[in-house]
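Open the model in a viewer and keep the selection panel at hand.

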Amino acid sequence: MGLIYTGANCRDCYRCVRICNLKAVKMNTGNLGKFHAQVIDELCVHCGQCILACPQKAKKPVSDLRQVKQLLAEGNPVIAVIAASFVGSLPLKEPDLMPSLLRKLGFSEVQETSIGASLVTQEYLDMGFEHPRLISYCPVIVNLIEKHYPELIPLLAPIVSPMIAQGRVIKSLNPQAKVVYIGSCAAKRDEAQLLGLKDSIDYFIGFQDLWQWVQDSEVVVEELAPSNFDSFSPCHNRIYPVEGGVIWAVAEELQQAGENFLTISGLDSCIEFIKHLGQGQIINPPKLMELWACKGGCINGPLSLCLEESQFMRQRKLLQYYNSSGECVFEIDNSRLPEISLKRDFTNRKVEQIYPSEEEIKIILARTGKHSPDQEFNCGNCGYNSCRDKAVAVFQGKAEVEMCIPYMRKRAESMSNLVISAMPNAIIVVGKDLDILEINSAAETLFKCTASEVVGQRILTLMPATNFLKVMQSGKMMNATSAYPNLGIVTKEIFFPVRGTDVVVGIFVNITSEKKQREQYELMKSQTIQQAQEVIEKQMMVAQEIAGLLGEATAETKVQLGKLIKLMRQEDL
């Protein structure tokens with residue numbers, strides 16, 4: 001895992017690709033077909049801008065907070081070294097509350113980078129201004145040159161940063177001490193772990209992690225009493241975190257030497273300057289060149305908490321803190337310190353990337369329907385400045401063809417239109433003004449119209465708007481059955497709203513033939529019932545007539561038989 005990782009809530013927005021000046025982000029296709037961003041550590045300079053830009057807060061720096069808490073829980077003496085930029089980066093009412101806060105969290109000593117900055121300042125002065133030098137204070141700028149412009153390594157001043165210098169001072173006095181650096185720069189952890197610099201800082205915590213720790217610990221900052229940092233008195237080198245701070249520290253000597261200097265902040269501006277410098281386009285470059293990846297200096301570091309506050313106000317806080325420092329005096333006697341090296345080396349860490357041929361670029365462009373330059377929209381939605389840049393990234397495995405939003409939208413619309421056109425049932429899409437937005441071929445056939453005639457017209461040109469209005473007002477789906485005598489049809493209808501829009505879709509199923517079949521069935525059933533009723537009635541009449549005749553015949557037979565019996569009895573007498 002690199003210094004900056006991406007969480008699971010990464011969401012296909014390509015914002016990190018867009019914000020990255022060096023395109024050190026690779027988009028991988030996840031299990032659900034979504035793109036997941038991955039920082040390419042070999043190309044990343046750890047400026048941390050992707051952390052700030054991510055709307056889902058999916059980008060995070062690797063943190064040493066858990067290890068630091070574990071050390072403190074075990075009772076180990078741990079020394080905290082905090083960057084002076086905390087004054088404009090943390091929501092503290094008074095800077096003097098910081099030492100008390102860190103002690104409350106369990107640190108045995110709390111130091112500022114004041115002595116480290118002073119030693120580094122002196123080292124720059126001892127170096128002199130005979131040759132042009134790039135100040136190596138900002139680790140992002142160092143990473144930029146080592147990884148992307150190694151031809152400029154000879155211009156880097158071979159001097160460690162105040163953080164490393166401070167750590168070496170502490171380790172020289174107490175080799176067993178565990179040192180934790182707290183700051184706003186995501187690249188500081190990388191700097192502390194670089195080969196050859198591991199002898200100073202053991203762990204790194206960003207200001208965001210620190211403040212979250214404070215919130216979790218339920219420390220009431222307002223109840224703390226102000227206190228001083230350990231070991232060192234206030235020092236004028238607190239000005240380092242502001243753009244121009246290093247130059248400011250050596251300004252008097254620069255003026256005496258009659259040398260010029262340059263200060264640039266913001267990674268895009270720094271890259272532009274470095275390109276010109278590397279191409280030899282800057283004749284007689286300044287003797288001291290101070291470059292800052294963050295606009296305005298470390299007070300704008302990506303791990304700061306007060307970035308919503310104006311840069312001017314944060315800079316002003318630090319200047320007030322600097323002005324309150326008074327004269328810089330070291331309380332540690334230099335005779336007590338072993339000889340400390342403030343030198344460092346730089347390494348060519350450039351990764352040579354492969355680039356496609358012109359023919360390969362054309363093939364990749366053609367996969368997104370771009371067969372000529374006029375079809376290259378260069379919209380930048382994929383995060384790259386041009387379609388060709390994105391094609392190069394596809395070739396290098398950093399991007400996918402499907403990241404082209406206009407292409408995917410056209411593809412989706414094409415598929416959507418294909419599905420709608422193939423639907424056997426009529427579909428009419430109506431907007432909030434009851435104007436017809438879309439109509440498919442089945443609807444053209446059913447309502448005997450053409451799309452060119454009715455699209456853009458009111459729905460009233462085809463049918464009453466009642467059902468569309470009901471759905472717009474209720475926001476709920478409804479079913480209906482309607483007859484259109486002028487067309488000789490009957491339809492079963494479904495109306496539903498499109499969520500998040502004012503659009504209502506109507507689906508019309510032609511049930512005219514079913515209606516006729518139903519009517520014929522009802523007629524046959526009625527006729528059958530009537531005929532059955534008539535048969536029953538006739539049968540009843542016949543039965544009644546038969547019953548009447550049988551009754552008369554029986555009565556007559558009874559009379560005759562009675563007479564016969566009576567005669568027979570008389571004869572016997």
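A charge sits over a ring if NZ of Lys or CZ of Arg is within 6 Å of the ring centre and within 35 degrees of the ring normal. This is a predicted model, in which local features need pLDDT of at least 70 and side-chain atom pairs pLDDT 80 or more, while totals for chains, interfaces and linings use all residues. Residues are numbered from 1 along each chain as its sequence is written, and side-chain values use heavy atoms, without hydrogens and water.

Select Lys 23 and Tyr 384: the charged end of Lys 23 sits over the ring, 5.6 Å from its centre. Next, select Lys 188, whose charged end sits over the ring of Tyr 137 at 5.4 Å from the centre.

Now turn to the aromatic pairs (ring centres of Phe, Tyr or the six-membered ring of Trp within 6.5 Å; planes under 30 degrees apart are stacked, over 60 edge-to-face, the rest tilted). The structure holds 8 of them. Select Phe 107 and Trp 213: their centres are 5.9 Å apart and their planes at 65 degrees, so the pair is edge-to-face. Phe 107 lies in the loop between α5 and β6, and Trp 213 in helix α10, 106 residues apart. Helices (H or I, at least four residues) and strands (E, at least two) are DSSP runs, numbered from the N terminus.

Finally, select Lys 287, in the loop between α13 and β11.
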